[in-house]
Amino acid sequence: MGNGVSFQCSCDQTLNHIFRWFCGKGYIRNLKKNLTALKREMEDLKAIKDEVQNRVSREEIRHQQRLEAVQVWLTRVDSIDLQIKDLLSTCPVQHQKLCLCGLCSKNVCSSYSFGKRVFLLLEDVKKLNSESNFEVVTKPAPISEVEKRFTQPTIGQEKMLETAWNRLMEDGVEIMGLHGMGGVGKTTLFHKIHNKFAEIPGRFDVVIWIVVSQGAEISKLQEDIAKKLHLWDEVWKDKTESVNAADIHNVLQRKRFVLMLDDIWDKVDLQALGVPIPTRENGCKVAFTTRSREVCGRMGDHKPVEVQCLGPKEAWELFKNKVGDNTLRRDPVIVELARKVAEKCGGLPLALNVIGEVMASKTMVQEWEDAIDVLTTSAAEFPDVKNKILPILKYSYDSLVDENIKTCFLYCALFPEDFNIGMEKLIDYWICEGFIGDYSVIKRARNKGYTMLGTLIRANLLTEVGKTSVVMHDVVREMALWIASDFGKQKENFVVRAGVGLHEIPEIKDWGAVRRMSLMKNNIKEITCGSKCSELTTLFLEENQLKNLSGEFIRCMQKLVVLDLSLNRNLNELPEQISELASLQYLDLSSTSIEQLPVGFHELKNLTHLNLSYTSICSVGAISKLSSLRILKLRGSNVHADVSLVKELQLLEHLQVLTITISTEMGLEQILDDERLANCITELGISDFQQKAFNIERLANCITDLEISDFQQKAFNISLLTSMENLRLLMVKNSHVTEINTNLMCIENKTDSSDLHNPKIPCFTNLSTVYITSCHSIKDLTWLLFAPNLVFLRISDSREVEEIINKEKATNLTGITPFQKLEFFSVEKLPKLESIYWSPLPFPLLKHIFAYCCPKLRKLPLNATSVPLVDEFKIEMDSQETELEWEDEDTKNRFLPSIKRLLVYGI
């Protein structure tokens, strides 16, 4: 019996213990009440969290740094929010388990566990709510120390550094690009800009330097940024680019940062990196260096800073520094030779440094003379040029994705050093060589050529000179020649001896290997030798002193495509063998003394481009047999448009470009009667129309260049030209001219004359070049007010010209400021000229004023602010007994150093 009682007591105690364990704290009994409280407390907590987060965000915009305690609290709130969302997702299931009005459960263990979890989360939420009373949420950001990058001492970059730094720090400039050719010193300048941030502590929270280079991947750039931001660890590389971008963005959006990207070759996607877009509001900056101006535009900087080569003075200082005084003091002759060597570097810091170091140990005059010889004839053979200079420049060439553009670039090396290459002529070469593609329409082909040329300019492989020419830097040219000769292995593949003073054809070991040859701008008088240039496709012989060109020399050139003999003024005949050049497409005989074409000339069935401008040729009979001809230039020759010539031209069904001189009314009518032929004329010379007024309106749309000459008995009316919207060049010589009546024009139009785009107002919108010579009836050229884009103006030998712009005539033309695009201004032999303009003018682009034999011209229209870049500006004037008059003393002090006096030898 006793044992039975003992068991009963033990069983009751156990059940009682279990009941208290499950229900003692009311996890099940109070579940519904606790859930309601949890939801309410969490809503309050989230509202408080939003307020705190907004406070933090507002202050972080002002570049404050959030407190660590605040960040921990926000993180805990986010964490518990996720836990509660997870818990509430199972709530309906738990409610179904309750019974006895919520006092018990069908599954006691499950409900107890769930109820306990609700209770504990409620306690945590209450605690977080109690901790949310932050008096401050941020603190001043710590001053980020910019670790200075090592830089070599530099010479001549001080002004460029100031320009670049001021632009980067300018309000409203969020993205800045530095562009320039390889080796010009972009990275060195970038280092100096980086180090200047150390001088302004507190302005930015972090300065990040990243080297991008060709082919850089987003993941590698993200890793470099992460290391700077202390985000990188062993698991970083295992995360995706998008996750890493989010991590970077989360940090940088709270900082005022500077991101410096060195050596980019294509657009860097900031969003893909995780870098916030810099704005005026966030005060952040992105700067980069590149060799491509096009990349600058893609990155968003449309006014990038160009890093240019050093000027002669700075280049010499850098070169001297590399060579050292010890060497230069050895012999005064060495100093002069050293200057010549430095000049060969073209101001390129990379070349000045490398070649200067090589020459530092050269103490004999003969060594310096030899260096000049090597740099002149084959610079790639100079020590270290092939290893340390050309490969660096070659990266720009390698970045050209189109093989035809690469070929076009190498073609530019055929021209002499520092030679201004005419854009249109260069493109016409390319078209005939087949680099452009198969275009049947010349205009489309030229447009494509300009696009390719633009690519080379934006890659800083060519430099624009004005609007019509490009130039190739000497060292870039050496790189092109090195590549064209298969890196020096096939030197006779690409023979270039342009502008080196040759008096005869150079010795060539293997004529059969020659593909392209340029001997232009030399002193070669005759070519009598034979050759076996069976593979030659290009031959430049222009601007020599040729009198005799042997037929034997060109007989074997059956693959010759381009032959340029222009500017050989003593060359008066062509060998008959030229008619055997079956592949010839381009022939330029302009500015020679050629009087007639060979008998068999019409056999050149593939000839597409023929230039006979300014030759002595009187007749081009049977020209119609050149059935492939697309471009024919006759302007300035003795071939004028007459009935027989027009009939021949009408048979040239592929002709698209014609330049010609017209001197008779009948010739004009013949051309105007053929609309196709009239539309071909791009350059026109008109001469001595005596019988009736000249009507040019039907030719207005196509003419770009116009030459007016010998209008003596009947005046030529300039007003007739106002319909020529595409006119770019105007030359008027030896003519009586009737000008535009500006007063009448204003009365007729009754409109604001400052609106140069008003179609009712005569306006030479595209006119950029004007030559006026031997026009003795002109007293002023006030009509130039209607040429807003004038770049080049030359007026000479016109004895009645008293002023350029007449104040009285310009009175009604309010709002017009002349010469805003003018770069070159020349007045010569104008004995009555007293005034250019009655008051000082701004000349934003003016580089050169030339005044010769203008004894009454005492004052130029300048004040101290007229020309912004005075270092690049010069004034050339002949010696006068009286000094110039200046607007004020400041103007005199600014421009007096720019004047170069010319000697008058006679008028």
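1. **Basis.** The model is predicted: local features need pLDDT of at least 70, side-chain atom pairs count only at pLDDT 80 or more, and totals for chains, interfaces and linings use all residues. Residues are numbered from 1 along each chain as its sequence is written, and side-chain values use heavy atoms, with hydrogens and water left out.

2. **Strand β5.** Helices (H or I, at least four residues) and strands (E, at least two) are DSSP runs, numbered from the N terminus. β5 covers residues 175-179, and five of its five residues are buried, so the strand is largely enclosed by the rest of the structure. Buried means under 20% relative accessible area, exposed over 50%, and partly exposed in between (1.4 Å probe, protein chains only). I175, G177 and H179 point one way from β5. M176 and L178 point the other way.

3. **Partners of β5.** Two strands pair if DSSP finds at least two bridges between them. β5 runs parallel to β8 (residues 285-290), with five bridges. In that pairing, G177 stands opposite F288. β5 also runs parallel to β9, joined by two bridges. There, L178 stands opposite V305.

4. **A three-stranded sheet.** Another point to check is the open sheet with the order β10-β12-β11 and antiparallel pairing. Its edge strands are β10 (421-422) and β11 (463-465), each pairing on one side only. Three bridges link β11 to β12 (residues 469-471) in the antiparallel sense. V465 has S469 of β12 as its bridge partner.

5. **Loop residue N460.** Where does N460 lie? N460 sits in the loop between α20 (442-458) and β11. N460 counts as buried because its relative accessibility is 10%. Its contacts (heavy atoms within 4.5 Å) reach H179, G180, M181, R291, S292, R293 and E306, not counting residues up to four places away in sequence. N460 and S292 are 168 residues apart in sequence, yet 6.2 Å apart in space, C-alpha to C-alpha.

6. The search uses a 1 Å grid over the protein atoms alone: a cavity is a set of points where a 1.4 Å probe fits but cannot get out, and a pocket is an open set with protein on both sides within 12 Å along at least five of seven lines. Lining residues have an atom within 4 Å of a point. Grid points are joined across faces, edges and corners, and a volume is the space filled by probe spheres set on the points. The largest pocket has a volume of about 2400 Å³. It is lined by 50 residues, with E306, Q308, T463, K847 and E872 nearest its centre. Two or more lining residues come from each of α6 (158-169), β9 (305-306), α12 (312-323) and β11. α6 gives the most, with four. By class, the lining has 23 nonpolar, 13 polar and 14 charged residues. Here Ala, Val, Leu, Ile, Met, Phe, Trp, Tyr, Cys and Pro count as nonpolar, Asp, Glu, Lys and Arg as charged, and the others, Gly among them, as polar.

7. **Second largest pocket.** Its volume is about 2000 Å³. Of its 50 lining residues, G422, T468, S469, D705 and L729 are the closest to the centre. Elements giving two or more residues include β10, β19 (586-588), β26 (729-733) and β28 (769-773). α19 gives the most, with six residues. The lining has 18 nonpolar, 17 polar and 15 charged residues.

8. **Cavities.** How many cavities of 30 Å³ or more does the search find? It finds five in the whole structure. The largest cavity has a volume of about 130 Å³. Among its lining residues are K344, C345, E417, D474 and E478. α15 (349-359), α17 (385-398) and α21 (474-484) each supply at least two lining residues. α21 gives the most, with three. The class count is eight nonpolar, no polar and four charged residues.

9. **Cysteines.** A disulfide is a pair of cysteine sulfur atoms within 2.5 Å. The search of the whole structure finds zero. C533 is buried, at 0% relative accessibility. For C702, the closest cysteine sulfur is in C680, at 8.3 Å, again too far for a bond. C702 also counts as buried, at 17% relative accessibility.
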